[in-house]
Every structure is written in structure tokens, then in C-alpha cells.
Amino acid sequence: MFTLVVNKAITVNATGYQLELLLADQLKKILADVPWLRSWQVQVESLSPDNRWDVVARGKLPNGKPAQWNVECRSQMAPS
């Protein structure tokens, strides 16, 4: 059993792609704290020509099936 706190306030002075890089870095740190997610790979994909997501985390679930976590960055907090 473990406790994972992700509700942290982080103040940064960056915009656009820099924010996506910072988000990807934080996501890597969060995943590293969860034993079965440590092998997951996190990539910034916003510059890819066929991108749909800004940051993507990929890996395997405990049952061995592949999984993907897609992140879309927004400048304003609003529901989709």
C-alpha cells in the first residue's frame, strides 16, 4: 500500500512547449513513485506533425497489457 500526493502547487515562469517539458518531467517523477509504473516512458509529442496529445506516457499494466496515458495541456482550466 502506498500514498501518492499529486495535488501540488508548482509555480513556473514558462509558456507553451517549456510547460509541456516541465509537465512531462513531473509526470516521470510521479510514475517513478509507483512501483509497477516505473518502467513507463513519458514523451512530449506536441511538436509531432500528427500529434493529438501534448504529453504521452506508455507502459504495461500489471497484467502485461499495454496502456497509454494521454495528456492535453491547456492554458485555462475548463472542462472538456
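Student: In the protein chain, what share of the contacts with a separation of 6 or more comes from residues 24 or more positions apart?

Tutor: Such residues account for 31% of those contacts, a contact being heavy atoms within 4.5 Å. The model is predicted: local features need pLDDT of at least 70 and side-chain atom pairs pLDDT 80 or more, whereas totals for chains, interfaces and linings use all residues. Residues are numbered from 1 along each chain as its sequence is written, and side-chain values use heavy atoms, without hydrogens or water.

Student: How many helices and strands does the protein chain have?

Tutor: Both are DSSP runs numbered from the N terminus (helices H or I, at least four residues; strands E, at least two). Here the chain has one helix and three strands, and their order along the sequence is α-β-β-β.

Student: What percentage of the residues of the protein chain count as buried?

Tutor: Of the 80 residues, 20% count as buried, that is, under 20% relative accessible area with a 1.4 Å probe, protein chains only (exposed is over 50%, partly exposed in between).

Student: Which residues make up the largest nonpolar core?

Tutor: In soluble globular proteins, nonpolar side chains tend to be buried together. A core is a set of buried Ala, Val, Leu, Ile, Met, Phe, Trp, Tyr and Cys residues joined through side-chain atoms within 4.5 Å. In this model the largest one has 10 residues: A24, L27, L31, V34, L37, W40, V42, V55, A57 and V71.

Student: Which residues does V55 touch, not counting residues up to four places away in sequence?

Tutor: V55 touches E20, L23, A24, L27, V42, Q43, V44, W69, N70 and V71. Among these partners, A24, L27, V42 and V71 belong, like V55, to the core.

Student: Is R58 buried or partly exposed?

Tutor: R58, placed in strand β2, is partly exposed because its relative accessible area is 31%. Leaving aside neighbours within four places in sequence, R58 is in contact with W40, Q41, Q43, E45, A67 and Q68. The C-alpha atoms of R58 and W40 are separated by 5.4 Å, although these residues are 18 residues apart along the chain.

Student: In which strand does A67 lie, and which residues does A67 touch?

Tutor: A67 lies in strand β3, residues 66-71. Beyond four places in sequence, A67 touches W40, A57, R58, G59 and L61. A67 and A57 are 10 residues apart along the chain, and their C-alpha atoms are separated by 8.4 Å.
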